[in-house]
There are 2 protein chains.
Amino acid sequence: MDVAGTRGKLAHEAAALDEADALYGKRAAFALDEDTVYLDGNSLGALPVAVSARLAEVVGHEWGRLRIRAWDEAGWWASPERIGDRVGRLVGAAPGQVVVGDSTSVNVFKAVVAAVRMARERSADRDEILVDAATFPTDGYIAESAARLTGCRIRAVAAGAMTGEMGERTAVALVNHVDYRTGRLHDLPGVTASAHAAGALVVWDLCHSAGALPVGLDAHGVDFAVGCTYKYLNGGPGSPAYLYVRREHQPRFDSPLPGWNSHSEPFAMSPAYTPADGATRGRVGTPEVLSLLALDTALDVWDDVDLTAVRAKSLALTDFFLRCVEEYVPRGRVESVTPAAHAERGSQVGLRCPGAGAVMGELIRRGVVGDFRPPDVLRFGFTPLYTGFADVERAAGILAGVLGTPLL
Amino acid sequence: MDVAGTRGKLAHEAAALDEADALYGKRAAFALDEDTVYLDGNSLGALPVAVSARLAEVVGHEWGRLRIRAWDEAGWWASPERIGDRVGRLVGAAPGQVVVGDSTSVNVFKAVVAAVRMARERSADRDEILVDAATFPTDGYIAESAARLTGCRIRAVAAGAMTGEMGERTAVALVNHVDYRTGRLHDLPGVTASAHAAGALVVWDLCHSAGALPVGLDAHGVDFAVGCTYKYLNGGPGSPAYLYVRREHQPRFDSPLPGWNSHSEPFAMSPAYTPADGATRGRVGTPEVLSLLALDTALDVWDDVDLTAVRAKSLALTDFFLRCVEEYVPRGRVESVTPAAHAERGSQVGLRCPGAGAVMGELIRRGVVGDFRPPDVLRFGFTPLYTGFADVERAAGILAGVLGTPLL
């Protein structure tokens, strides 16, 4: 079959896949435009349309009219825990273990310092923090700071090799669930179990997995987890991050950022710090309410969604994209850095490509929005709630066009 | 003159003062309602009406249509420094020294740890952090954590006595510019100078002074300052806080929270941390853009405002309130905890009152919104941009009514 014939066949197949997709209806909940294929929802999720009206109410009525009373009457004060529970459901955490607030970086700091302290309660000579060698940079910078402040040293180890590297000096391992560049999905149950076998604790960064696949924090015995909410969870630009502290660890969770919001009686204004119980202990200062409540409404779209179905569609989307790329793009122009095995793949595809920066610029000009990760990776995120198979086919076709194949 | 006559006279005087007030026109920029006297703007500032439309645009157009491109095209990425400069003008900081982001608590942590590190570069045995004994609690909790992580000890000292307490072991003094409970204004130039004379550094918490009076950070040689933006600056619930690092200290500012947003090349995604120059070094993770841009628009109202005029009106408002209270409320029912001397007064009045919690509840029911600070303080904030003299007179009259004086 010639290229045009192949393209017709795959476009036809895409239409059939969209037709059969039980999640297809979710597209209507998002602000999308017909002339763009948005494959950057793993960087900033699209706007859930309901957010606009809700935020207008929060500003105009709650802030504008209730003012200070809104902390109680509109439920602002308790939102970080309430919304935390909503996020928790999506990452496999029973209620009472997740709190929303601050940035991912700040939450990494809380989790790593607290984990070191907890590991040392068990054995005082644990002084090593293992960091996923390909980590998103901020995790590494913050871990380094945590190490310096707690007298530990950092050792960078490939996430895939971490299981064999845990030892009696290891206090904590900080690992990304999905590699932000390659899209590789790491073995959360395995790494967690090996940390525990070595007497260490583990902190998972879920930025690139939450909302893309089932995580199972409770089920796999994870100690701590952090993540952002502006990627697959569509919470809006810089929407607050979250912190998971496993229930059994909460009484010993000793935060390096004990702000007044985490006090057992915050309005007693006591000079002595007495930490609150539960997830509240992970709070710090006053939450950024507008961003927080935008996230709250953004999460509504998930209420009837099963993460298993999201995962199935995610894998089908990335499979289909890789297949279209293979069919349309001439051999040797791009090379996937994303694992072929489903068990090792997140919800994104990274393609190594010479001149990737310029190629992504041209893709964006032609309406395919992904992003460029230096030095040479084109990164495409597949957000199952609003990306369809026809989008995927179209993106691959345009990529082939940018790379010089006269397809149409 | 009888009480009714006194009341008529003061109401008349209030009307004349409002008539002569050059800031009176600013009221129209805020969402206020006629049936409420809002004297809690020192806790949550009223809504500047322009915020609603701006936020609708940020959500609908920038997030909804530009999506990821908005980080550049809508200027999101550079907002923390740009808005920091706008806050800087209001606290006497030349551009390039203030960055907006995170909560006040988190910024206290950055400032205190960095100050300790800097003090120790000069002299390794500085191991004492002085904390204002009447500090807003979170500052004390966070300072305690900073002390624990840097091997320092905390000593609580009354802000008024701090000048005599600085010694060669003092690394840093953390002081509130205005006491959140009493409204006492502390001597920023004097305490700063005495810290410097002792070879120590000083961190000022401006939560209760920024937007209420001129601060003069640059002029008085302040080292570090932090503050929130949701009180007198009207940035919205939990709007991001700010950090001031004096220009000459910036090259040695060594943040304990070196997130990727503070990297010299954040998008190079380098595993090695190289801090950015300037105020950017105080950033951490991704800013909460919706809250940040609400603050941006909220600051527009300040563009043509001179803080000297704000201060003059603020003192006139608190003077007038104290006078009305003295005239209307029977002797002995309340006692001001706010200094009578202008040089020692912020922009709030605290009245000690038996049963203050219940009294404030009743005041709020009758439309006078202040707040209660345990154990027995009624706290009233006077925000010169939207509080008028007639409001003040009315509030005092209602307070007298609640306290059992049949005034009307």
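What we have here is a predicted model, in which local features need pLDDT of at least 70 and side-chain atom pairs count only at pLDDT 80 or more, while totals for chains, interfaces and linings use all residues. Residues are numbered from 1 along each chain as its sequence is written, and chains are lettered from A and ligands numbered from 1 in the order in which they are written.

Back to our leucine. Leu290(A) counts as buried, because it has 32 C-beta neighbours inside 10 Å. The rule is that 20 or more other C-beta atoms within 10 Å make a residue buried, 12 or fewer make it exposed, and anything in between is partly exposed, with C-beta atoms placed from the backbone. Leu290(A) sits in helix α8 of chain A, residues 289-298. Helices here are DSSP runs of H or I with at least four residues, strands are runs of E with at least two, and both are numbered from the N terminus.

Who does Leu290(A) touch? Leaving aside residues up to four places away in sequence, its partners include Leu55(A) and Val58(A), and also Gly236(B), Pro237(B) and Leu290(B) from chain B. Touching, or being in contact, means that the C-beta atoms, placed from the backbone, lie within 7 Å.

That brings us to the pair of chains. In total, 63 residues of chain B are in contact with 63 residues of chain A. On the chain B side, α2(B) gives the most, with nine residues. That side divides into 36 nonpolar, 18 polar and nine charged residues. For those words, Ala, Val, Leu, Ile, Met, Phe, Trp, Tyr, Cys and Pro count as nonpolar, Asp, Glu, Lys and Arg as charged, and the others, Gly among them, as polar. The copies meet through the same surface, because 100% of the interface residues of chain B are also interface residues in chain A.

Now look at chain A by itself. Chain A has eleven helices and 13 strands, and 57% of its 408 residues count as buried. Its C-alpha trace spans about 75 × 55 × 35 Å along the principal axes.

Chain A is also assigned two domains: domain 1 (3-30 + 306-402) and domain 2 (53-302). Such bounds come from an automatic or database domain assignment. Their centres, taken over C-alpha atoms, are separated by 30 Å. The contact takes 21 residues from domain 1 of chain A and 14 residues from domain 2 of chain A. On the domain 1 side, α9(A) provides the largest share, five residues.

One last stop, the inside. The largest nonpolar core has 263 residues, and among those touching the most other members are Val172(A) and Val172(B). A nonpolar core is a set of buried Ala, Val, Leu, Ile, Met, Phe, Trp, Tyr and Cys residues joined through C-beta atoms within 7 Å. Val172(B) touches, among others, Val112(B), Ile129(B) and Leu201(B), not counting residues up to four places away in sequence.

Definitions and conventions. Two residues are in contact if their C-beta atoms, placed from the backbone, lie within 7 Å.
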